[in-house]
Amino acid sequence: MGNQVSLFVTCMVDQLFPKVGMAMADVLERLGYRVDFPEGQTCCGQPAFNSGYRAEARTVARHFLKTFEASERIVVPSGSCTAMVTHHFAELFQKEPETLALVHAMEKKVYEFATFLTEVAGVEDVGARMEDVVTFHDGCHGLRELGIKSAPRRLLAHVKGLELREMVPAEECCGFGGTFAVKFAELSGAMARTKIEAILGTGANTVVSLDPSCLMQIQGALSRAGLNVRTMHLAEVLASR
Amino acid sequence: MSVEFDQKIHDTLANASLQLAIYTATGRLKEKRIEVTAENVLPDYQELRTQANALKKHTIDNLDHYLEEFERNVEAYGGKVVYCKDATEVSDFVLDLAKRRGSKLIVKSKSMTTEEVDLNERLEHHGLESVETDLGEYILQLAHEKPYHIVAPALHKTRYDVADLFTKALHVARETVPEKLTLIARGVLREKFLKADIGISGANFLIADSGAVVLVENEGNARLTTSAPKIHVAVAGIEKVIPRARDLAVFLKLLARSATGQLLSVYTSFLAGPRRVGEVDGPEEFYVVLLDNGRTRLLPDRSKRESLYCIRCGACLNTCPVYRKIGGHSFPWVYSGPIGAIITPQFMGISHEPALPFASSLCGACGEVCPVKIDIPKVLLELRGDVKKMEAREGQNRMEKLAFRVFAWVMTHPRIYEMAGRLAASVAPAGDGKWIGSLPAPMSVGPMKAWLSERDLPPSPSKSFREMWRNR
């Protein structure tokens with residue numbers, strides 16, 4: 001296997017947080033990977049799947065499978081979108097053995113960004129420097145579906161000048177939940193405020209996460225509350241030097 | 001979403017003292033569970049969960065076999081099994097029994113199954129007095145409320161609430177010390193135990209190989225309920241059966257730990273048949289009511305029927321960030337929290353409250369703590385699919401359906417996707433890099449409006465990632 005990796009930046013990073021994708025590419029290139037961006041990529045289909053529209057999710061999932069069929073390894077700046085491919089695509093194609101075989105092949109090729117660095121690239125120190133006190137937010141799908149807990153923390157521990165302070169509780173949802181955030185807006189907002197209390201309790205200036213969607217929810221609520229805490233994707237932290 | 005569901009969520013979120021009460025009480029239960037299931041305290045916790053899941057799966061897959069075995073063994077001990085398909089059949093059975101025996105007063109121990117069929121209300125409607133003897137349930141009966149939580153029914157009541165309630169309903173001097181309040185209830189309830197003709201309990205487990213009903217409790221009231229009156233009726237869902245007494249070695253290790261953080265509950269009672277010759281206590285008659293009430297509807301669905309594995313420990317409620325905000329009474333039925341969100345639509349039908357499976361951020365905390373490993377998020381997702389199929393059949397929610405069809409079309413046409421993105425970016429405010437607190441009225445509609453009701457929006461970047469990538 002060569003050192004070629006494909007980016008799946010997710011629709012959210014493509015449209016709203018492009019700097020996260022650029023930071024991820026930077027870090028990977030710094031580690032000696034050749035990075036490509038399959039132009040046909042759009043979305044993993046999770047919004048439709050989580051909203052109960054399985055036929056529509058299946059359509060988008062098929063597009064994903066086709067777009068990345070030729071890629072050897074795919075790196076994703078989101079635990080949630082990674083889990084959609086590795087943990088839920090199979091549910092969508094139970095009745096299509098041929099597609100299911102493609103799904104199982106795909107599951108082995110798709111990596112969440114932090115996991116890719118620690119497990120595949122085998123690095124914890126990417127040579128980053130950021131003078132800051134940060135806290136880390138575990139995205140629920142990365143944490144519970146992919147079992148990611150130590151990888152981002154080990155990576156952050158090697159960022160020079162950075163101090164990590166754990167929030168209590170660390171593992172409680174920020175309240176995003178896709179369409180849940182707008183279908184149950186008041187409830188979702190209340191969950192975000194509880195998360196923010198935990199963040200403020202650490203005294204950190206910056207919240208770091210693996211998921212742009214959690215960061216959008218948390219930053220949106222921080223900004224609404226007029227609080228001077230910023231959010232950053234792990235890739236942006238690791239690209240700092 | 002029904003107006004009622006929406007309103008109850010709003011009211012609970014807006015009530016600051018209730019918010020604190022729910023969050024504190026569930027937090028305490030959650031912390032205690034974490035302590036007693038920690039690796040250094042219970043090293044085989046994960047293995048126990050796996051075993052419990054396998055035992056439940058095997059039993060539910062062979063439910064007919066084990067129910068028949070249970071029935072044979074109950075009858076061998078001189079008891080009787082009564083199958084009831086719904087709430088009316090349960091209350092009819094009890095009413096008929098009370099009439100034949102000339103009974104007027106019934107004592108009850110805590111049972112979600114009897115709450116599910118509104119047994120108290122039905123009995124009282126026919127002139128019987130049915131008294132809850134679990135302290136929490138007794139408080140709620142006086143308050144005319146349904147349980148707020150599967151395990152801690154009066155979790156939302158402070159001691160001051162209880163003091164007010166007792167003063168008003170029992171005409172006693174106001175006490176606010178919990179121990180004194182307990183003694184007041186105990187004084188009233190002792191008399192009821194002595195005079196009652198029938199004791200009704202639930203069941204935590206029904207053991208097929210020994211025909212026994214197992215009751216797990218802390219107050220001792222279930223023991224009195226099932227031994228003082230002449231007649232004991234245990235009401236249980238059909239899914240409560242387990243094959244062998246020795247399977248309890250797995251379930252009892254998990255139940256109290258998951259529910260209250262205890263290693264074992266204070267009392268665990270095994271009840272098989274009525275009093276036998278030579279025994280000094282126990283009821284003269286022993287009945288087990290086996291309730292369906294929608295449960296058999298789940299059996300054909302191999303995937304979703306794991307919902308029947310539940311042992312009603314309440315761990316999923318205590319860890320659920322949604323339950324901890326909206327509490328128990330926001331839920332449309334007696335079962336609340338994540339487990340309520342999956343069994344209510346399946347027992348009652350999805351049209352009962354179609355929004356219920358959507359009231360979750362799918363964070364997965366529930367599945368992680370479930371002692372019998374029910375994959376609650378997976379079932380929620382399947383129920384969401386069922387709701388959308390029902391809506392399509394009935395022509396409801398057409399705009400949303402259309403939106404997702406457009407979504408799927410756009411996401412499979414990359415050039416259209418890019419154009420749509422550019423178009424959206426061109427009309428979205430750039431906010432000078434700052435997050436956006438409000439949009440002009442014509443744009444602040446639907447999901448945008450809902451998002452902005454609680455949070456700011458990210459500013460639109462000048463270029464998408466793919467544009468930046470091409471230009472680099």
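**Chain B: fold and sheet**

Modeller: In chain B, 72% of the contacts with a separation of 6 or more are between residues 24 or more positions apart; contact means heavy atoms within 4.5 Å. This is a predicted model, where local features need pLDDT of at least 70, side-chain atom pairs count only at pLDDT 80 or more, and totals for chains, interfaces and linings use all residues. Residues are numbered from 1 along each chain as written, chains are lettered from A in the order written, and side-chain values use heavy atoms, without hydrogens or water.

Colleague: How many helices and strands are in chain B?

Modeller: Helices (H or I, at least four residues) and strands (E, at least two) are DSSP runs, numbered from the N terminus. Chain B has 21 helices and ten strands.

Colleague: What is the strand order in the open sheet of four strands?

Modeller: Strands of a sheet pair through backbone hydrogen bonds, either parallel or antiparallel. Two strands count as paired if DSSP finds at least two bridges between them. The order here is β8-β5-β6-β9 (chain B), with mixed pairing. β8 (241–242) and β9 (267–271) of chain B each have a single partner strand, so one side of each lacks a neighbour in the sheet.

Colleague: How many bridges join β6 to β9 in chain B?

Modeller: Five, and the two strands run antiparallel. B:Leu215 has B:Ser269 in β9(B) as its bridge partner.

Colleague: Which strands does helix α12 of chain B touch?

Modeller: Helix α12 (residues 248–260) packs on the sheet, touching β5, β6, β8 and β9 of chain B.

Note on methods:
Axes fitted to C-alpha atoms, helices over the stretch in contact; angles between N-to-C directions.
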